[in-house]
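This report describes a protein model for a reader who has not seen it before. The sequence and the structure come first, and the description follows.

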Amino acid sequence: MKTQSSATARSAIAVSTPQPDPGTVPGTTPRANPRPGRLGTLQAALGVVAFSLTFPATAWGLEGFGPWALVAVRSVLAALIAVGCLLALRVPLPARRHWPGLAVVAAGVVVGFPLLTTLALQTSTTSHAAVVVGLLPLTTALLSALRMGTRPSRTFWAAALAGAAAVAAFTVQQSGGALTGADLYLFGALLVCAAGYTEGGRLARVMPGWQVIGWALVCCLPLTVPAAALALAHESAHLTAHSVAGLLWVAVGSQFLGLVVWYRGMAAIGIPKASQLQLAQPLLTLVWSVLLLGEHLTPAAPLTAAAVLICIAVTQRARG
């Protein structure tokens, strides 16, 4: 009995004594892991940079492709990359319960937003189209609150509204303040993209972000492949350095890689906070428009940039 009691006592002491981490060297202090929020913020920010080039790249693509061909071909190219990654890593099919959400992502960010914004950019400047992106963070936060029951603080909402108002006022002023027929396309793109972002951010919590956009692209292949063939047959294509570079960027950078890091970032820091990083996207787009398209900006740009950065800082610190 004494032997058994002693063995039990020694076992209890061994369990209660902290054991060293097998991945650390004895006698050293384990290194703290990087804060996941910082990594998520960085990933979401990289997505914003990738998206900021979408409108200028689309304008380049339209120099050599028709709008329908540009949208369909970009989706097919991005889907081929996704298929290669999925097959190489032998990723199993998503669970049946995830397919409705993937269909929303496909309809919003693979088909809806690219098509509607491309149609708008036929008659609208990139600065005017940036109004959509300026309002997208607020719309995404609203849909996220409705879809997922998130409850950001009042400070968060005040900063988000202020940032959206500043960006909208700046971009509308840049376009002369006149509304055009392209605005219908732009507002439609705003709604479908916000829905795709919200659903994609939700799915990225249960599967890797690159798989979310990868499977969404695969979902669209039965539609985009025949659409690309039909569009190329009816819309003349002129291959130039600008048109090819624009097509490759919207396919690889915006449609796949940008969304991969974007969804990973949203899964790490939450949809509302990640969406507010996009307040900087219109200003980045305007910078690219100057450098790549030769558009001109007013002196209001630095003031708006400062206001937006303050709003971003407030939303990132506000408790949700």
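A residue is called buried when its relative accessible area is under 20%, exposed when the area is over 50%, and partly exposed in between, using a 1.4 Å probe and protein chains only. The model is a predicted one: local features need pLDDT of at least 70, side-chain atom pairs count only at pLDDT 80 or more, and totals for chains, interfaces and linings use all residues. Residues are numbered from 1 along each chain as its sequence is written, and side-chain values use heavy atoms, with hydrogens and water left out.

## Overall make-up

Helices (H or I, at least four residues) and strands (E, at least two) are DSSP runs, numbered from the N terminus. The protein has 13 helices and zero strands, which gives the pattern α-α-α-α-α-α-α-α-α-α-α-α-α along the sequence. It has 320 residues, of which 48% count as buried. A contact means heavy atoms within 4.5 Å. Among contacts in the protein with a separation of 6 or more, 92% are between residues 24 or more positions apart.

## Helix packing

Two packed helices are described by the angle between their axes and the distance between the axes. Here axes are lines fitted to C-alpha atoms, for helices over the stretch in contact, and angles run from 0 to 180 degrees between N-to-C directions. A crossing is left-handed if the near helix is turned anticlockwise from the far one by less than a right angle, and right-handed if clockwise.

| Helix pair | Axis angle | Axis distance |
|---|---|---|
| H6 and H8 | about 40 degrees | 8 Å |
| H8 and H10 | roughly 65 degrees | within 8 Å |

Helix H6 covers residues 126-148 and packs against H8 at an angle of about 40 degrees. That angle makes H6 oblique to H8, given that angles under 35 degrees count as roughly parallel, over 145 as roughly antiparallel, 65 to 115 as roughly perpendicular and the rest as oblique. H6 passes H8 in a right-handed crossing. Residues making this contact include Leu-136, Thr-140 and Leu-143 of H6 and Leu-190, Ala-194 and Thr-198 of H8.

H8 also passes H10 in a right-handed crossing. On the H8 side the contact is made by Gly-196, Tyr-197, Gly-200 and Gly-201, and on the H10 side by Leu-259, Trp-262, Tyr-263, Met-266 and Ala-267.

Thr-140 is placed in helix H6. Its relative accessibility is 0%, so Thr-140 counts as buried. Not counting residues up to four places away in sequence, Thr-140 touches Ala-194, Tyr-197, Thr-198, Ile-271 and Ser-275.

A salt bridge is a side-chain nitrogen of Lys or Arg within 4 Å of a carboxyl oxygen of Asp or Glu. By this rule the count is one salt bridge. The side chains of Arg-202 and Glu-199 form it, at 2.6 Å from N to O. Both residues lie in helix H8 (residues 182-203), three residues apart, about one turn of the helix. An α-helix has 3.6 residues a turn, so residues three or four places apart point the same way. Arg-202 is partly exposed, with a relative accessible area of 24%, whereas Glu-199 is buried at 7%.

## Helix H3 and two buried residues

Helix H3 (residues 54-61) is largely enclosed by the rest of the structure, because seven of its eight residues are buried. They are Thr-54, Phe-55, Pro-56, Ala-57, Thr-58, Trp-60 and Gly-61.

A polar contact is a pair of N or O atoms within 3.5 Å; within protein, one must be able to donate a hydrogen and the other to accept it, and residues adjacent in sequence count only if both atoms are side-chain atoms. The side chain of Thr-54 makes such a contact, at 2.7 Å, with the side chain of Ser-254. Ser-254 lies in helix H10 (residues 241-269) and counts as buried at 5% relative accessibility.

Thr-117 is found in helix H5 (residues 99-120) and is buried, with a relative accessible area of 3%. Leaving aside neighbours within four places in sequence, Thr-117 is in contact with Phe-55 and Ala-189. A polar atom of the Thr-117 side chain lies 3.3 Å from the backbone oxygen of Pro-114.

## An exposed loop residue

Arg-90 lies in the loop between helix H4 (67-88) and H5. Arg-90 is exposed, with a relative accessible area of 76%. Most residues other than glycine have a negative phi. The phi of Arg-90 is near 55 degrees, a positive value.
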